[in-house]
Every structure is written in structure tokens, then in C-alpha cells.
Amino acid sequence: MSIERVRAHFAALGMEDRILEFPVSSATVELAAAALGVPPERIAKTLSFRDGENGCLLVVAAGDARVDNRRFKDAFHQKARFLTPEEAMALTGHAVGGVCPFAVDERVKVYLDKSLRRFDTVYPAAGSSNSAVRLSCDELARCSGACGWVDVCKGWREEENARGTTRRAPLRY
């Protein structure tokens, strides 16, 4: 079971007590935010993409962020193509709803999106559709073995409107 691998991963780091399990689903940003009682943007969603023909890369982003296709292509030199649920399971070892950057095959590349840096703590999934783990961004980088930080998302920044005044981009999930 995926959560057991994640639990073993965190036990090896001396952090097994950080994993939270819920009696309700946390499989989407909205459900996870409700289960945790936090704003949706603090959910660190893990997005799974093809990397070349047979590979996989994960981008962990804030719950209110959406992938910007141009930025993704500039960063990774390929089109953003999401994995199917079957491919996600086969390549990450985690089912959709519990995909996380922990306890994945060492060939899976993990990147963290800058949209997360707004928060002291974030909540990525922990390998099941009813779990999460509370981590600082530094802990997330360390525990996930991330390759680094990228800027491939939109919808979360302060953006200029047509009149030149700053406004918050609308939240989209």
C-alpha cells in the first residue's frame, strides 16, 4: 500500500508522527482543505507529467496554482502532458488522489513550484486519498528529494489589471 511506503519513508527521517490520516477523503484540493481546516491554496498538490516517452516528472504546486503551458515548456523543454491515472499509478506508485513526492522511484524527478513559497507550512498528500503531511517548504524540499524550484504555474500571483492597479488573480481549482 502506498501510504505504508510513505510512512516508512518518513520513519526513516524520524518524522513519521507528521502524517495525518482522515476519516474523509482528501483526494482533491477542496476536500483536503476541508479535512485540514486550511485555505485551499495551502494544499500542496502533486501534478504528474510525462517526461519524454516513458518517464515521469512531478510538480508540487500550491492549491490555487494552475500550470502555465508556456512556462512549463520553457522550464522542461517539452509540452505539459498529464499522466493518465493508470500511468500515474505505474510510474509513481501512488494512485490519483494520493500522488505525492515521497517514496517514489528514484527515476521520478520532483520539482517544487514557487507558488508554495508564500507559506510557512503546506500540506501535500501522503500516499493515500485520505492523508496529508504538514511540512515547511524547506522540509518539503528535503523530504521529497526535489531537483529544485521551478516557476511553471499561474493564477496565484498578484497581477496587473488593465488600469494598472494590482489585484489578486481569481482562485481556480
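Me: What share of the 173 residues in the protein is buried?

Reply: In this predicted model, buried residues make up 47% of the 173 residues in the protein.

Me: How should I read the radius of gyration of the protein against that of a compact globule?

Reply: A compact globule with 173 residues would have a radius of gyration near 16 Å, and the protein has 16 Å, so the two agree. Taken along the principal axes, the C-alpha atoms fill a box of roughly 50 × 40 × 25 Å. The protein contains five helices and 12 strands, and among its contacts with a separation of 6 or more, 63% come from residues 24 or more positions apart.

Me: By what is a pair of aromatic rings described?

Reply: One describes such a pair by the distance between the ring centres together with the angle between the ring planes. Centres within 6.5 Å make a pair, and planes over 60 degrees apart count as edge-to-face; by this rule the count comes to five aromatic pairs. For F10 and F102, the ring centres are 4.9 Å apart and the planes stand at 70 degrees, so this pair is edge-to-face. The pair links distant parts of the chain, since F10 belongs to helix α1 (residues 2–12) while F102 lies in the loop between α4 (85–92) and β5 (109–113), 92 residues apart.

Me: Is F10 buried or exposed, and which applies to F102, buried or exposed?

Reply: F10 has 0% relative accessibility and therefore counts as buried, and F102, at 0% relative accessibility, counts as buried as well.

Me: Which residues form one aromatic cluster, and where does the charged end of R117 sit?

Reply: The cluster is formed by F49, F72, F76, F82 and Y111. The charged end of R117 sits over the ring of W149, at 4.2 Å from the centre of that ring.

Me: What is phi of A103 near, and where is the place of A103?

Reply: Phi of A103 is near 55 degrees, again a positive value in a residue other than glycine. A103 is found in the loop between α4 and β5, and at 21% relative accessibility A103 counts as partly exposed, because the buried class requires under 20%.

Definitions and conventions. Residues numbered from 1 in each chain as written. Predicted model: local features only at pLDDT ≥ 70, side-chain atom pairs only at ≥ 80, totals over all residues. Heavy atoms only, no water. Phe/Tyr/Trp six-rings, centres within 6.5 Å; stacked < 30°, edge-to-face > 60°. Helix = DSSP H or I, 4+ residues; strand = E, 2+ residues; numbered from the N terminus. Buried < 20%, exposed > 50% of the residue type's maximum accessible area, 1.4 Å probe, protein only. Lys NZ or Arg CZ within 6 Å of the ring centre and 35° of its normal. Rg over C-alpha atoms; globule rule 2.2 N^0.38 Å. Contact = heavy atoms within 4.5 Å.
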